[in-house]
Amino acid sequence: MLYDIRLNLRYDYDAAAGGGRHQVRVLPPTISGVQRVIAASLSFAPAQSERSDFSDFFGNNVTSIAFRDVHDALDIRMSARVAVSRPEPGLDVSPDIRRLREELDAVRSLSPDTPHHFLAASDHAGIDADITGYARSSAGNSAVSTAMDLCSRIYRDFTYDGEATTVQTRASDAFDLKRGVCQDFSHIMIAGLRGLGIPAGYVSGFLRTIPPRGKPRLEGADAMHAWVKVWCGRDTGWQEFDPTNGIRASNDHITVGHGRDYSDVAPIVGILKTTGGQVGEQAVDVIPVVLEKA
């Protein structure tokens with residue numbers, strides 16, 4: 001699938017800021033065998049005083065910006081053309097949890113993609129006895145079947161509610177509420193799998209949404225999405241699951257970044273020299289591109 005993606009993040013401040021410094025993670029990367037970025041751009045208004053682009057520990061694209069002049073708003077615009085071609089899931093040859101732990105013990109690497117980084121508790125996805133108990137009911141004959149069953153149960157058992165939680169909500173709190181958004185459902189799944197000894201991480205990106213039949217696609221109606229990557233053993237490697245929709249990640253999922261939880265891949269973090277609060281708005285367009293044959 002080929003997509004044109006547009007993202008607009010806008011922040012309006014209660015009081016003018018005398019300066020600020022931020023890290024922005026919204027540019028999708030090229031991922032071998034999964035997606036290819038054909039073109040991409042990222043701009044800011046007002047214009048930044050400083051800018052540098054680099055990759056973080058997990059290989060995510062990061063843009064660091066600084067402002068020295070007074071400003072009362074920040075507008076971030078990203079556009080990209082991305083080709084996504086995920087391989088079809090093959091025969092499930094992943095080990096059960098006991099053998100998965102044996103294979104995990106044999107991994108000696110501490111590279112960014114090693115499963116060891118995604119096994120311990122993290123800020124938003126702590127190891128929680130109740131969540132582990134919930135996940136234990138999904139433990140099956142393989143790591144893939146365990147992850148898929150947990151993904152499907154979260155989809156069935158939890159209610160999507162954009163007002164119930166915030167970006168600061170922890171997995172345990174969302175689990176108690178049985179409500180939340182994609183970020184919360186991903187954190188619950190991550191916490192549950194880690195409690196079982198299965199490495200799991202957080203993926204941030206975009207999801208193509210399809211309007212009802214006969215209805216036009218609404219501009220800016222999409223939003224950034226989140227799902228889960230799960231290490232399923234030496235031979236199967238990392239697999240991705242979307243608990244918000246109860247499915248495996250497909251060619252409709254466009255990756256921006258991954259980490260241990262949301263705090264590793266938040267779209268923007270930083271500091272402002274100001275007082276008062278701020279109001280943020282987000283608009284995303286994920287548009288399939290159909291190329292005409294010559």
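**Entry 1: α3 against α5**

I looked up which residues of α3 meet α5 in this predicted model. On the α3 side I found T146, A147, L150, C151 and I154. Their counterparts in α5 are F185, I188, M189, L193 and L196. I sorted the residues of this contact by type: nine are nonpolar, one is polar and none is charged. Next came the geometry. I read an angle of about 145° between α3 (residues 143-157) and α5, with the axes 10 Å apart. I noted the crossing of α3 and α5 as right-handed.

**Entry 2: α2 against α5**

I turned to helix α2, residues 129-136. I found its axis 8 Å from that of α5, at an angle of about 80°. I therefore logged α2 as roughly perpendicular to α5. From α2, the residues I131, T132, A135 and R136 take part. From α5, I listed I188, A191, G192, G195 and L196. This contact of α2 with α5 holds five nonpolar residues, three polar ones and one charged.

I188 and L196 of α5 went down in both lists: they meet α3, and they meet α2.

**Entry 3: the five-stranded sheet**

I traced an open sheet of five strands. Its order is β12-β11-β10-β9-β13, and the pairing is antiparallel. Which strands stand at the edges? I found β12 (247-248) and β13 (253-259) there. Each has a single partner strand, so one side of each is left without a neighbour in the sheet.

I then checked how α5 sits on this sheet. Helix α5 (residues 182-196) packs on the sheet and touches β9, β10 (224-231) and β11 (238-242). I noted that the direction of α5 makes about 10° with that of β10.

I also followed the pairing of β9 (residues 200-207) with β13. Six bridges join these antiparallel strands.

**Entry 4: G246**

I went to the loop between β11 and β12, where G246 is found. Is G246 buried or exposed? I read 19% relative accessibility, so G246 counts as buried, the cut-off being under 20%. I asked what G246 is in contact with, leaving aside neighbours within four places in sequence. The answer was M148, C151, S152 and Y155. C151 had already come up in α3, among the residues that meet α5.

**Entry 5: the four-stranded sheet**

I traced an open sheet of four strands, ordered β4-β5-β2-β14, with antiparallel pairing. I marked β4 (50-55) and β14 (268-272) as the edge strands, each pairing on one side only. The twist averages 10° from one strand to the next. I followed β2 (residues 20-24) along β14 and found five bridges in the antiparallel sense. What is the bridge partner of R21 in β14? I found I271.

**Entry 6: backbone exceptions**

I then looked up two departures.

I found a cis peptide bond joining A45 and P46, with omega about 5°. P46 lies in the loop between β3 (35-45) and β4.

I also found a positive phi of about 60° at K178, which is not a glycine. K178 has its place in the loop between α4 (171-177) and β8 (179-180). I read a relative accessible area of 30% for K178, so I logged K178 as partly exposed.

Definitions and conventions:
Residues are numbered from 1 along each chain as its sequence is written. This is a predicted model: local features need pLDDT of at least 70, side-chain atom pairs count only at pLDDT 80 or more; totals for chains, interfaces and linings use all residues. Side-chain values use heavy atoms; hydrogens and water are left out. Two strands pair if DSSP finds at least two bridges between them. Helices (H or I, at least four residues) and strands (E, at least two) are DSSP runs, numbered from the N terminus. Contact means heavy atoms within 4.5 Å. Axes are lines fitted to C-alpha atoms, for helices over the stretch in contact, and angles run from 0 to 180 degrees between N-to-C directions. Buried means under 20% relative accessible area, exposed over 50%, partly exposed in between (1.4 Å probe, protein chains only). A crossing is left-handed if the near helix is turned anticlockwise from the far one by less than a right angle, and right-handed if clockwise. Ala, Val, Leu, Ile, Met, Phe, Trp, Tyr, Cys and Pro count as nonpolar, Asp, Glu, Lys and Arg as charged, and the others, Gly among them, as polar. Angles under 35 degrees count as roughly parallel, over 145 as roughly antiparallel, 65 to 115 as roughly perpendicular and the rest as oblique.
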